[in-house]
Amino acid sequence: MRILLARHGETRWNAEGRYQGQEDIPLSELGQAQARVLGQRLRDLRIDRAVSSPLGRARHTAQLALGEERAALLQLDAGLMEIAHGQWEGLLADEIRARDPQRLQAWRDAPGTVLMPGGESLQQVIDRAWPALLRAMDGLGSEDTLLVVAHDAVNRVLLCRILGIAFDRLWGFRQAPTTLNLLEGDDVSSLEVVRLNDCSHHTALFGEAVHRAL
C-alpha cells in the first residue's frame, strides 16, 4: 500500500505567520497554484482513494490535486482537521509572545507538553488523526494508493508516530505547502517513510520558504 500524505497549499495567514488552527482560512492565489502543480505531478498516478480534512484549505487542495475526473474519489474526515490553537488563532507569534510567553516558549522547546489555551494538545490531535488514517486505509489492497490531504501539525504527529519519535521532535523536520510524504507498507504497523517533505513540484532544492506558524 502507498500513502501520499500531503499538506494543503499556502494561505494568506501562512504567509503572514498567523496561527490559523481550525479557522477556515482559504487558499491564497499562490496556494491554489501550488495545488494545481501538485495535481500535475499526480496526474498520471493511479489513486484509489482520497481523504482530506474538511477545512476549506485542505479540501480545496485535494480537489485541485485530483482534478475534475477524479473528484468523486474525495471523502472528508474531521479527524484530520488542524490542531485547535484556541485563543492563539489569528495571532502572530509576536502577539502571542506578549500575552502567553511561557507557553509559546514551551511550544518551541517541548511541544508535546503544551495544551493550547482553549484548544488541543498534540496527544489529542493524534488521538483523532490516527483513527482517521486507519479509516482511510481500511479495505485497501497492497497495490492501492491513498491520497491524504491534511495540515502541518496533523502530518507531523502522524509522521512522529510512524517514525517512533517523541512529539518533542516535532520541529525536527518540515512540512511545506502541498508537500508530499510517501509512506509504504503492507499495513499500518509496517509503514515506512519513503519520502519526507517532498515539494519539488513547486520549489527548488534550496528554495523552501519557512513559515512561522502552523
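Trainee: Is Asn155 buried or exposed?
Mentor: Asn155 counts as buried, because its relative accessibility is 0%. Please bear in mind that this is a predicted model.

Trainee: Where is Asn155 placed?
Mentor: Asn155 belongs to helix H7, which covers residues 152–163.

Trainee: And which residues is Asn155 in contact with, leaving aside neighbours within four places in sequence?
Mentor: With those neighbours left out, the contacts of Asn155 are Leu5, Ala6, Arg7, Ala150, Gln175 and Asn181.

Trainee: Leu5 is on that list. Where is the place of Leu5, and what does Leu5 touch?
Mentor: Leu5 sits in strand S1, residues 2–7. Not counting residues up to four places away in sequence, Leu5 touches Val148, Asn155, Leu158, Leu159, Thr179, Leu180 and Asn181.

Trainee: Why does Leu5 count as buried?
Mentor: Leu5 is buried because its relative accessible area is 2%, and the cut-off for buried is under 20%.

Trainee: Changing topic: which element holds Asp198, and which side chain does Asp198 join through a polar contact?
Mentor: Asp198 is in strand S6, residues 192–198. The side chains of Asp198 and Ser200 are joined by a polar contact of 2.9 Å.

Trainee: What is the relative accessible area of Asp198, and which residues is Asp198 in contact with beyond four places in sequence?
Mentor: The relative accessible area of Asp198 is 10%, so Asp198 is buried. Leaving aside neighbours within four places in sequence, Asp198 is in contact with Arg41, Thr179 and Leu180.

Trainee: Now helix H3. Which of its residues are buried, and what do they pack against?
Mentor: Helix H3 spans residues 56–66, and its buried residues are Gly56, Arg57, Ala58, Thr61, Ala62, Ala65 and Leu66. These buried residues pack against S1, helix H2 (29–42), strand S2 (49–52), strand S3 (74–76) and strand S4 (145–150).

Trainee: What follows H3?
Mentor: Gly67 follows H3, and the phi of Gly67 is positive, near 80°.

Trainee: Let us zoom out. How many helices and strands are there, and in what order do the elements run?
Mentor: The protein has seven helices and six strands. From the N terminus on, the order is β-α-α-β-α-β-α-α-α-β-α-β-β. The radius of gyration is 16 Å, close to the 17 Å that the globule rule gives for 214 residues, so the protein is as compact as a globular protein of that length.

Trainee: What box do the C-alpha atoms fill, and what share of the residues is buried?
Mentor: Along the principal axes, the C-alpha atoms fill a box of roughly 50 × 35 × 30 Å. Of the 214 residues, 54% count as buried.

Trainee: What about contacts between residues at least 24 apart?
Mentor: Among contacts between residues at least 6 apart in sequence, 71% join residues at least 24 apart.

Trainee: Lastly, how many positive and negative side chains are there?
Mentor: There are 24 positive and 29 negative side chains, with the centres of the two sets 3 Å apart.

Methods: Residues numbered from 1 in each chain as written. Predicted model: local features only at pLDDT ≥ 70, side-chain atom pairs only at ≥ 80, totals over all residues. Heavy atoms only, no water. Helix = DSSP H or I, 4+ residues; strand = E, 2+ residues; numbered from the N terminus. Buried < 20%, exposed > 50% of the residue type's maximum accessible area, 1.4 Å probe, protein only. Contact = heavy atoms within 4.5 Å. Rg over C-alpha atoms; globule rule 2.2 N^0.38 Å. Lys, Arg positive; Asp, Glu negative; His and termini not counted. Charge placed at Lys NZ, Arg CZ, Asp CG, Glu CD. Polar contact = N/O pair within 3.5 Å; in protein donor to acceptor, adjacent residues only side chain to side chain.
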